[in-house]
Amino acid sequence: MNAILPNPVEVHDLTVAYQQKPVLYGVDLEVEEGSLVGIIGPNGAGKSTLIKAIMGMMKPVDGYVKVFGDKSRKALRRVGYVPQRESVDWDFPVTAMDVVLMGRFGHAGWFKRVSKRDRSFASECLEQMNMLPYANRQIGNLSGGQQQRVFLARALAQQSDLYLMDEPFEGVDAITEKAIVNLLKNLRNQGKTLMVVHHDLSTAKDYFDHLALLNLRLVAYGETEEVFTHDLLQRTYGGRLTVLSEIGGRKLKEKQPPSEGL
Amino acid sequence: MFLPIWKKLKYTLLILVLSREASVLKAAQISSTTEQDWVNQAIRFWTFTDSSIQIIAVGAILIGINCGLMGGYVVSRRLSMFGDTLSHAVLPGIAVGFMISQSKNEAALMLGATLSGFLGVSIIALLKRHTKMKEDSAMGLVLSGFYALGICLITYLQQSPNGGMSGLESYLFGSLVGLSTGDLLPLCICLSLIIVCFVLLNKELLLSGFDPSFARSVGLPVDILQYCIWLLLAFCIVSSLQVIGVVLVSALLIIPAATAGLLTYKMSRLLVYSGIIGAFSGIAGCFLSFMGERLPAGPVIVLCSTLLFLTVLFFSPTRGILPSWLRTRKRGQRIRCENTLKACYQVLEECSFSKQSFSQTSLARRRRKSAAETEREIEALIRQGYATRQESPTEQKSELPSETMVSLTPSGWEIATRMIRNHRLWELYLTKEASYAPDHVHDDAEKIEHIIGEKTVRQIERILDNPQRDPHGKLIPSQDDIDRGWLSPTLVVDK
């Protein structure tokens, strides 16, 4: 918690466009170390985009992102990412263990094989998510909740300082949801920073100590008690900023930014 | 001689005719030594004495392995359609390569094929990015467009005066005849590239295939890896073309890998199996094509791999159709048997276990089945050693045929009692713990009794504190009763 150390995430005047339509517009955000941040907002508010922009997977049109004070992608080694469950082909021939081992790939380096230490560490991570008995199952044969646990075990295996999670609570059963919440809080208590995309307002208040209210713009960011107010939520969920979206799009079209792959 | 046909027929038919002509040529080439019968031919093939046969066999195996290994990635990354498109898109390149070099120069043909393949792939990417076209229609368009162009060009070349250039059509359906030692070199290079790539980049390819966004997040250049795969794929296809042909090379990419996918769900094993299956199809198809002189190599090799696929689909021990059908049938038989035994118990119970045997008709009445059906069921029990049958020692005065009496053997008794115990315990459990109405529990218990297992039964017994009577007031046999092998009548009528 040294004041000299840079914050894990610093987002400055960030504008991100998808097919020449802005999804995030002029977002400023600074997250301090050891925060458990919930990113909430209506559908299409740019929640996942914010995460992807921080990960450097989407190039900003304007502004920048610093991760641990570093604009280049070098610091991304310290970041663990849990993508949305739908982003993956669940029929791919891998076992739960293989998936968790993927969390170690960033440490292993190119061309190298995973070591025995990596393997035993991966089993520990599976064990922590109560998934060790399923280690050799094909990943598609697991239930939705179990798949999510495997994803989180992989994130644990990354041993990151900052975690970015995209809807980890989507489509999981109550027990898994509880397990995930415990995991998040444990990680936070170890001094890690977490940013979690979440869409369930009723639980957001209990799960997170910070909230980022997002709807194209960052409506508010701060400690949960301060931000979780009727007024601010109204502004977040009360309709989209249609004019801003329209005009922003026109501006971008004139600029003709290099089109983003995918 | 082609001109009248050209005017009358469409492309496809033309190709058929062309290949017929070609195979006559082929036959002429091989049959110089073939006045022998097929046994000698087979011996000649499998002893590999002929250097031409050696080359053919090695080539077919190499192609099988190459396509099998590449196929593992193509199929698991859902690029099957892509592989098909790429293989068709190379055809015009071959024709153009030939036009420019004016010979069957390997390097020129390969270069042309690769360039044309990449042109096709780029067109797909462009169409996808800049139009509303979906990927599958874009692939369909490129596939058929390039293929049609290729056929036209090749047909044109075929008729040109410079025409001793037969052999070009082997790029359509494949042929083993023209294979020379020089053709093996690209195949070897391709195989070593694939192996080096897969071994070194094993985990990178696995990760970028399974979860590209996560792969990007740990800093893997997913797109570059994707291009590597494409490049390898293009090389693999181009080097296999002469033997397999444009039309079917994608089948050899897909089928061995799909077969391996039925056998395992680990990527490394899938690749190994797929390679082996590919090699086997290669050599088997090569042999058959050699035996039946007029058979083009590509289709035969593909047929062999399809046959392997079907074999695995039907007979693979864990998930094969036949073994699982047999398992289901066996389970059905067991359940029928257990139901009969249960009915036997109930018949004995009706007379409070005062007798050790019962008549076949009383069982039929209990089961509400015809005498013939009951007869069959009893026979099934006797076959498995669960029951014995004897003619009743009759007072033979009556006109009626003598009654057949049945009694259970100890093992039959054990199963019967166990089923009754499972059934009644489950009924009691449902009424007491899951608050079912007593008249709703029977049907459920009918199914559960066969699958519940001893461990759960013990657990239920503990939960219910070793109960004596089921919800309908009937006795629940205990483990002791099963061990003792008989229920004493006094116990049953008790109360």
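Most residues other than glycine have a negative phi. The model described here is a predicted one.

Helix 17 itself covers residues 321-350 of chain B, 30 residues in total. From its first C-alpha to its last, the helix reaches 43 Å, close to the 44 Å expected at 1.5 Å a residue. Several residues of helix 17 of chain B are buried: B:Thr340, B:Leu341, B:Lys342, B:Ala343, B:Cys344, B:Tyr345, B:Val347 and B:Leu348.

The domain assignment of chain B lists domain 1 as 38-319 and domain 2 as 327-390 + 403-493. Between the C-alpha centres of domain 1 and domain 2 of chain B there are 61 Å.

Chain A touches this chain: 22 residues of chain A are in contact with 20 residues of chain B. On the side of chain A that touches chain B, strand 5 and helix 2 (96-108) of chain A each supply at least two residues. Helix 2 of chain A gives the most, with four residues. By type, the residues on this side of chain A are 14 nonpolar, four polar and four charged.

Chain A can now be taken as a whole. Its secondary structure consists of nine helices and nine strands. Chain A has 262 residues, and 44% of them count as buried. Among the contacts in chain A with a separation of 6 or more, 70% are between residues 24 or more positions apart. The strands can be followed sheet by sheet.

One open sheet of chain A has three strands in the order 2-1-4, with antiparallel pairing. Strand 2 and strand 4 of chain A are the edge strands, each pairing on one side only. From one strand to the next, the twist averages 25°. Strands of a sheet pair through backbone hydrogen bonds, either parallel or antiparallel.

Strand 1 (residues 9-18) of chain A runs antiparallel to strand 4 (residues 62-67) of chain A, and five bridges join the two. Here A:Val9 has A:Val67 of strand 4 opposite. With strand 2 (residues 21-31) of chain A, strand 1 of chain A is joined by seven bridges, again running antiparallel. Opposite A:Val11 stands A:Leu29 in strand 2 of chain A, and A:Ala17 has A:Pro22 of strand 2 as its bridge partner. Strands 1 and 2 of chain A form a hairpin with two residues between the strands, in which A:Gln19 takes a positive phi near 50°. Across strand 1, strand 2 and strand 4 of chain A lies helix 1 (residues 47-54) of chain A, which runs at about 115° to strand 1.

Two further residues of chain A have a positive phi without being glycine. A:Asp13 has phi near 45° and is placed in strand 1 of chain A. Is A:Asp13 buried or exposed? A:Asp13 has 12 other C-beta atoms within 10 Å, and a residue with 12 or fewer counts as exposed, so A:Asp13 is exposed. A:Phe68, with phi near 50°, is found in the loop between strand 4 and strand 5 of chain A. Its count is 20 other C-beta atoms within 10 Å; because 20 or more makes a residue buried, A:Phe68 is buried.

Another open sheet of chain A has six strands, in the order 5-6-7-3-8-9, and its pairing is mixed. Strand 5 (79-82) and strand 9 (217-223) of chain A stand at the edges with a single partner strand each, so one side of each is left without a neighbour in the sheet. On average, neighbouring strands of this sheet are turned by 15° against each other, direction ignored.

Strand 5 of chain A pairs with strand 6 (residues 162-166) of chain A in the parallel sense, over four bridges. In this pairing, A:Tyr163 of strand 6 is the bridge partner of A:Gly80. Helix 5 (residues 174-189) of chain A lies across strand 3 (36-40), strand 6 and strand 7 (193-197) of chain A. Its direction is at about 150° to strand 7 of chain A.

Notes. Residues are numbered from 1 along each chain as its sequence is written. Chains are lettered from A and ligands numbered from 1 in the order in which they are written. This is a predicted model: local features need pLDDT of at least 70, side-chain atom pairs count only at pLDDT 80 or more; totals for chains, interfaces and linings use all residues. Two strands pair if DSSP finds at least two bridges between them. Axes are lines fitted to C-alpha atoms, for helices over the stretch in contact, and angles run from 0 to 180 degrees between N-to-C directions. Two residues are in contact if their C-beta atoms, placed from the backbone, lie within 7 Å. The expected span of a helix is 1.5 Å times one less than its number of residues. Domain bounds come from an automatic or database domain assignment. Ala, Val, Leu, Ile, Met, Phe, Trp, Tyr, Cys and Pro count as nonpolar, Asp, Glu, Lys and Arg as charged, and the others, Gly among them, as polar.
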